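Me: I'm new to this one, and I'd like to learn how to read it. Could you take me through it a feature at a time?

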Amino acid sequence: MAVRKFRIRVNGVVYDVEAEEISAEQSATSTSAPSVPSASVATPTPPVPSEPPKAAAPMVMQDGEMVIEAPLPGAVLDVKVQEGQLVEVGQVLIILEAMKMENEVTAPVSGRIKSLRVQKGSSVDANEVLVIIERV
């Protein structure tokens, strides 16, 4: 049988592997010792740096205020701001857990937190209002 090449990603590390496909007949008649992969089977490539994903929160501008909505349903793991606090563009506002992943919801504009609609431990639905930022 022919040897086939595959690229496999395991925990963020990419491996190039070669595998020989065998038929069911060959597998049933092969009672010898299991084959041992050669040293050249896996060639790891450098891992991609891991950083928490930044959630692209839906937002709506209304009368000089930025309404930030939940990008997906999940649980609020942490709230990094308080009402009345000044925030800068890109500042982490809320950490939202969805599908076992932590997502950072960041400020799309600079301003003051006018209203904080969630608290740590609460569950949110997609497009639910999380924060309202008043532009200053």
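Reply: Buried means under 20% relative accessible area, exposed over 50%, and partly exposed in between (1.4 Å probe, protein chains only). This is a predicted model, where local features need pLDDT of at least 70, side-chain atom pairs count only at pLDDT 80 or more, and totals for chains, interfaces and linings use all residues. Residues are numbered from 1 along each chain as its sequence is written, and side-chain values use heavy atoms, with hydrogens and water left out.

Me: Which residue forms a salt bridge with Lys114?

Reply: The general idea is that side chains of opposite charge can pair when their charged atoms come close. A salt bridge here is a side-chain nitrogen of Lys or Arg within 4 Å of a carboxyl oxygen of Asp or Glu. Lys114 pairs with Glu65, and their closest N and O atoms are 2.3 Å apart. Lys114 sits in strand 11 (residues 111-116) and Glu65 in strand 6, so the pair ties together parts 49 residues apart in sequence. Glu65 is buried, with a relative accessible area of 16%.

Me: How many salt bridges does the structure hold?

Reply: It holds 3. In another, the side chains of Asp16 and Arg7 meet at 2.7 Å, N to O. Arg7 is exposed, at 64% relative accessible area, while Asp16 is partly exposed at 27%. Lys80 also forms one with Asp78, the closest N and O atoms being 3.2 Å apart. Both count as partly exposed: Lys80 at 43% and Asp78 at 23%.

Me: How many helices and strands are in the chain?

Reply: Helices (H or I, at least four residues) and strands (E, at least two) are DSSP runs, numbered from the N terminus. This chain has 1 helix and 13 strands.
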